[in-house]
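Please keep the structure open while reading.

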Amino acid sequence: MLELGGNARGAGPQDDLIKDISEMTFLQDVIEASREVPVIVDFWAPWCGPCKTLGPMLEAAVTEAGGKVRMVKMNVDENQQIAAQLRIQSIPTVYAFFQGQPLDGFQGALPQSEIRAFVQRVAAVAGDGGLSEAVEAAELMLAEGAVVDAAQTFAAVLGEDPGHAAAYGGLVRAHLALKETEQAEALLAAVPPEIAGSPEIEAARAQLALARQAAEAGPVADLRAAVEHDPDDHQARFDLAKALHAAGQVEEAVDELLELFRRDREWNEGAAKTQLFIIFDALKPQDPIVLRGRRKLSSMIFA
């Protein structure tokens with residue numbers, strides 16, 4: 001954190017999401033603009049070393065927010081009146097405004113994780129315009145079998161916010177429910193990088209993997225007979241688990257995989273454990289099948 005002083009030249013303006021401003025446009029670009037969406041103001045100067053580190057990280061976090069928050073940059077050497085009015089004594093200083101009023105802020109350089117958390121916190125204040133409620137409604141449609149309506153609702157949410165992880169994952173799952181595996185694969189191949197590692201996308205990937213397995217699953221009766229004939233036929237038990245899952249018998253599939261793990265946890269490079277995690281990832285974290293299955297698996301791992 002550096003004390004104010006020195007001379008500077010301002011950077012050129014960028015776009016509507018992130019841009020340079022002056023005292024002449026502060027009212028319009030910060031106060032008025034913050035009535036629609038939170039605006040983060042980065043007070044900086046070219047001679048400020050920490051500013052050169054903080055600025056790009058702050059811009060990256062704002063870009064990741066996908067329009068839920070905007071950012072403006074103000075050179076304090078060229079706009080000393082605003083800096084004085086806001087009692088800025090050192091830089092870098094960052095303020096967030098919403099509804100025309102200061103909302104949050106910090107001074108000095110921060111690590112990327114804290115900067116991202118700050119931006120997410122500011123963006124959350126304004127809500128998401130009802131998008132979360134729309135996703136919840138789409139999830140209910142999907143659960144009740146109104147898959148086409150669910151898909152259309154997920155797509156509408158993505159039209160407003162292309163980086164909405166829950167809507168993106170929901171649309172993938174809707175395509176899978178419609179047996180449109182190729183469309184689901186295409187969506188996952190084009191997932192925005194900023195949400196690629198989110199739980200919703202991981203769940204969609206797991207469901208896609210299970211859908212592919214379901215297309216190749218053998219008859220449950222034949223595989224069950226093979227396991228009963230030879231309980232140590234690990235391949236038959238593994239195939240039975242996949243067939244059971246494909247038939248909608250998820251808990252039974254988990255039980256067979258747990259039994260396989262108990263008998264030989266290293267079989268086929270730990271295939272039973274890997275398959276269990278695919279099933280767990282495809283379900284909600286608090287699903288009773290997940291909670292019970294993880295508990296049993298842990299008891300065997302640490303026994």
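## Domain layout

In this predicted model, the centres of domain 1 and domain 2, taken over C-alpha atoms, are separated by 34 Å. The domain assignment places domain 1 at residues 18-126, domain 2 at 131-216 and domain 3 at 220-302.

## Nonpolar cores

The largest nonpolar core holds 26 residues, of which Phe 154, Tyr 168 and Val 172 touch the most other members. At least two residues of this core come from each of helix 5 (131-143), helix 6 (147-160), helix 7 (165-177), helix 8 (181-189) and helix 9 (199-216), and helix 7 gives the largest share, with eight residues.

Once neighbours within four places in sequence are set aside, the contacts of Phe 154 include Val 135, Ala 138 and Leu 142 as well as Ala 167, Leu 171 and Ala 174. In soluble globular proteins, nonpolar side chains tend to be buried together.

## Helix 4

Helix 4, at residues 112-125, consists of 14 residues and reaches 20 Å from its first C-alpha to its last, close to the 20 Å expected at 1.5 Å a residue. Its buried residues are Ile 115, Phe 118, Val 119, Val 122 and Ala 123; because they cover an arc of only 130° around the axis, they lie on the same side of helix 4. An α-helix has 3.6 residues a turn, so residues three or four places apart point the same way.

The buried residues of helix 4 pack against strand 3 (39-44), helix 2 (49-64), strand 6 (93-98) and strand 7 (101-107), whereas Gln 120 and Ala 124, on the other side of the helix, are exposed. After helix 4 comes Gly 127, which has a positive phi near 70°.

## Salt bridges

The count of salt bridges comes to 17. One of them joins the side chains of Lys 73 and Glu 59, at 3.1 Å from N to O; since Lys 73 lies in strand 4 (residues 70-75) and Glu 59 in helix 2, the pair ties together parts that are 14 residues apart in sequence. Lys 73 counts as buried because its relative accessibility is 9%, under the 20% cut-off.

Glu 185 and Arg 212 also form a salt bridge, with their closest N and O atoms 3.0 Å apart, and this pair links helix 8 to helix 9 across 27 residues. Glu 185, at 29% relative accessibility, counts as partly exposed, and Arg 212, at 43%, likewise counts as partly exposed. Elsewhere, Asp 232, Glu 259, Arg 262 and Arg 263 are linked in a network of salt bridges.

How values were computed
Residues are numbered from 1 along each chain as its sequence is written. This is a predicted model: local features need pLDDT of at least 70, side-chain atom pairs count only at pLDDT 80 or more; totals for chains, interfaces and linings use all residues. Side-chain values use heavy atoms; hydrogens and water are left out. A nonpolar core is a set of buried Ala, Val, Leu, Ile, Met, Phe, Trp, Tyr and Cys residues joined through side-chain atoms within 4.5 Å. Buried means under 20% relative accessible area, exposed over 50%, partly exposed in between (1.4 Å probe, protein chains only). Helices (H or I, at least four residues) and strands (E, at least two) are DSSP runs, numbered from the N terminus. Contact means heavy atoms within 4.5 Å. Domain bounds come from an automatic or database domain assignment. The expected span of a helix is 1.5 Å times one less than its number of residues. The arc is that of the directions from the helix axis to the C-beta atoms. A salt bridge is a side-chain nitrogen of Lys or Arg within 4 Å of a carboxyl oxygen of Asp or Glu.
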